[in-house]
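Here is a friendly walk through one protein model, from the overall fold down to single contacts. Please keep the sequence and the 3D view open as you read.

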Amino acid sequence: MSNSHRPKDSREIVATTPGVPATDGDGVRMTRVIGSPELNMLDPFLLLDAFESDQPQDYIGGFPSHPHRGFETVTYLLAGRMRHKDNAGNEGVIEPGGVQWMTAGRGIVHSEMPEQENGLLMGFQLWVNLPARAKMSAPGYQEFSPAETPLEVRDNGAEIRVIAGTTDEGTTGAVKNEFVHPTYLDVSLPAGQSFSQQVDPSDNAFLFVIDGELETGARNTPLGRRTLGILGEGGSVEARTAAGARFLLVSAQPLNEPVARGGPFVMNTKEEIIKAFEDYRHNRF
Ligand code: CO
């Protein structure tokens, strides 16, 4: 533990949600953890979908061609493979431990399809809002294979896949963000071990338990499998596990701007949403 470690400043879980079952794309079944009636958003995070199924009928339809405008989509896989293609000529396959960070900006039309006909597909899609000044910026992609995504191994056996941001031990993710600068960590913690990470006190932050169970904060609040915990105020995140656990830690500065949603478009006003649908209908993406 570093000298800057201050348990009294550790964030406590202030609310939890398991998300709600949802269907999107061409019949893909998932759990909508953020963007649901239970948790509409956690500024700047607009949506978090968790996929986990070994039943092909739950995912085989994928997400055929569809548009986005006004935010970023982050696809991170734990198992299985997804192929994406877009109208700017980009194409690639996302693999477990790899990440695709797409800045939709003023508009992109893409498809996201399973690159498998059976077996387990497991992962996440996170939507990160863009500030008003960047919503109509040029679209962009950042894609990193598992080998290009830094994996930090700590003395206590903890393994941290760093998708974005910097850990307390100095490992920095491969993704470089221009507008919003989230921290996005995938932490695997062996039985009996603990994890600590400084976070900016003004960030919004959450944990999502992929497997096992955590105890968090100075109060040892438990957080169970497939559950999201919103973290309250503080300068650090502390987590422990008795039997081993894997979880996401995600945080970022809130934008504190008005949010207008229209399906695959997220803007600041209703007029901008109507404009987005018009632009898409007239092939201006
Ligand atoms: Co999409």
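The report below moves from the whole chain to its metal site, its strands and its salt bridges.

**Ground rules**

This is a predicted model, in which local features need pLDDT of at least 70 and side-chain atom pairs count only at pLDDT 80 or more, while totals for chains, interfaces and linings use all residues. Residues are numbered from 1 along each chain as its sequence is written, and side-chain values use heavy atoms, with hydrogens and water left out.

**The whole chain**

Let us begin with the overall build. Along the principal axes, the C-alpha atoms fill a box of roughly 55 × 40 × 35 Å. Of the 285 residues in the chain, 54% are buried; buried means under 20% relative accessible area, exposed over 50%, and partly exposed in between (1.4 Å probe, protein chains only).

**The cobalt site**

Next comes the metal. H66 (NE2), H68 (NE2), H110 (NE2) and E112 (OE) coordinate the cobalt ion at 2.1 to 2.5 Å. Donors here are N, O and S atoms within 2.8 Å of the metal (3.2 Å for Na, K and Ca), and water is not among the atoms, so sites may look incomplete. Along the chain, the donors of the cobalt ion follow the spacing H-x1-H-x41-H-x1-E. H68 lies in strand β5 and E112 in strand β10 (residues 108-114), so this pair ties together parts that are 44 residues apart in sequence. Both H68 and E112 are buried.

The four donor atoms around the cobalt ion subtend angles of 83 to 172°, which makes the arrangement irregular. Four donors count as tetrahedral if all angles lie between 85 and 135 degrees; four count as square planar and six as octahedral if opposite donors are over 155 degrees apart and all others between 65 and 115; anything else is irregular.

**Sheet and hairpin**

Four strands form an open antiparallel sheet in the order β16-β21-β18-β19, where two strands pair if DSSP finds at least two bridges between them. Its edge strands, β16 (194-198) and β19 (221-223), each pair on one side only. Inside this sheet, β18 (residues 214-216) and β21 (residues 236-240) pair in the antiparallel sense over two bridges, and E215 stands opposite R240 in β21.

Elsewhere, strand β7 (residues 82-86) pairs with β8 in the antiparallel sense over four bridges, with K85 opposite E91 in β8. The hairpin of β7 and β8 has four residues between the strands, and G89 there takes a positive phi near 95°.

**Salt bridges**

How many salt bridges does a search of the whole structure find? The search finds 15, each defined as a side-chain nitrogen of Lys or Arg within 4 Å of a carboxyl oxygen of Asp or Glu. Three of them are listed here.

| Pair | N to O distance |
|---|---|
| R29 and D58 | 3.6 Å |
| R226 and E52 | 3.3 Å |
| D186 and R246 | 2.6 Å |

R29 lies in strand β3 (residues 28-34) and D58 in the loop between β4 (45-53) and β5 (63-68), so the pair ties together parts that are 29 residues apart in sequence. R29 counts as exposed at 54% relative accessibility, whereas D58 counts as buried at 12%.

R226, in the loop between β19 and β20 (228-231), and E52, in strand β4, are 174 residues apart, and the pair links distant parts of the chain. R226 is buried at 15% relative accessibility, and E52 is partly exposed at 35%. A network of salt bridges links E52, D211, R225 and R226.

D186 lies in strand β15 (residues 183-189) and R246 in strand β22 (residues 245-252), so this pair ties together parts that are 60 residues apart in sequence. D186 is buried, with a relative accessible area of 2%, while R246 counts as partly exposed at 26%.
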